[in-house]
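Biologist: Please take a close look at one part of this model for me. Keep it brisk, and tie the pieces together as you go.

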Amino acid sequence: MVNVVSSRILLQPTDLERSRAFYRDDLGLAIYREFGSGPGRGTVFFLGGGYLEVSGRSGAPASGALRIWLQVPDVAAAHAELAGRGVPVLRPPLKEPWGLVEMWIADPDGLEIVVVEVPADHPIRYRP
């Protein structure tokens, strides 16, 4: 077994500064660290129990097979805050048949981000 001591998602956007501003200012993610200098510097954001590194550049947006899942305590409050900041809301909060409340948003490259609330009575909160 590999001994994983840390992990992060590596995202190479088509426009580094635009994406850095989105995750920092629009989503309000806290910065864990920055590295490098000038316009090419990388930024690592806190993602709850993980990290999101936004660095480098890509000639094309990330594949539609990639999504980011962010759990928040109150999706309705997140919806109001993010919509107020102009974040594209692909789908407003909706309680899914599996019991989670989900909202879908998109980053500047169209990467889908699922914002999830786990209700207090949901089985994911309990272990037998």
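Modeller: Strands β3 (residues 42-47) and β4 (residues 50-54) are joined by 5 bridges and run antiparallel. Two strands count as paired when DSSP finds at least two bridges between them. Strands are DSSP runs of E with at least two residues, helices are runs of H or I with at least four, and both are numbered from the N terminus. The model is predicted: local features need pLDDT of at least 70 and side-chain atom pairs pLDDT 80 or more, while totals for chains, interfaces and linings use all residues. Numbering starts at 1 along each chain as its sequence is written, and side-chain values use heavy atoms, without hydrogens or water.

Within that pair, Val44 has Glu53 of β4 as its bridge partner. Both strands belong to an open, mixed sheet of 4 strands, ordered β1-β4-β3-β2. β1 (9-11) and β2 (31-35) are its edges, each pairing on one side only. From one strand to the next, the twist averages 20 degrees; axes are lines fitted to C-alpha atoms, for helices over the stretch in contact, and angles run from 0 to 180 degrees between N-to-C directions.

Now the other sheet. It too is open and mixed, with 4 strands in the order β5-β8-β7-β6. β5 and β6 are the edge strands, and each pairs on one side only. Here the strand-to-strand twist averages 15 degrees. β5 runs parallel to β8 (residues 112-117) over 5 bridges, with Ile68 opposite Ile113. β7 (residues 101-106) meets β8 antiparallel over 6 bridges. There, Glu102 partners Val116.

Buried means under 20% relative accessible area, exposed over 50%, partly exposed in between (1.4 Å probe, protein chains only).

The helices come next. α2 lies across β6, β7 and β8, at about 20 degrees to β7. Contact here means heavy atoms within 4.5 Å. In α1 (residues 16-26), the buried residues are Leu16, Ser19, Arg20, Phe22 and Tyr23. They sit on the same side of α1 because they cover an arc of only 155 degrees around the axis; the arc is taken from the directions from the helix axis to the C-beta atoms. At the start of α1, a side-chain oxygen of Asp15 comes within 3.3 Å of the backbone nitrogen of Glu17. Just after α1, Gly28 has a positive phi of about 75 degrees.

What brings these parts together? The largest nonpolar core holds 22 residues, and Tyr23, Leu27, Leu52, Ile105 and Ile113 have the most contacts inside it. Such a core is a set of buried Ala, Val, Leu, Ile, Met, Phe, Trp, Tyr and Cys residues joined through side-chain atoms within 4.5 Å. α1, β3, β4, β5, α2, β7 and β8 each give two or more residues to this core. Beyond four places in sequence, Leu27 touches Phe22, Leu70, Leu82, Arg85, Ile105 and Ile113. Apart from this core lies another, of 5 residues, including Leu100, Val114, Val116 and Val118.

One loop residue also deserves a look. Val87 lies between α2 (75-84) and β6 (89-95). Its relative accessible area is 4%, so Val87 is buried. Beyond four places in sequence, Val87 touches Phe22, Asp26, Leu82, Ile105 and Ala106.

Methods. Polar contact = N/O pair within 3.5 Å; in protein donor to acceptor, adjacent residues only side chain to side chain.
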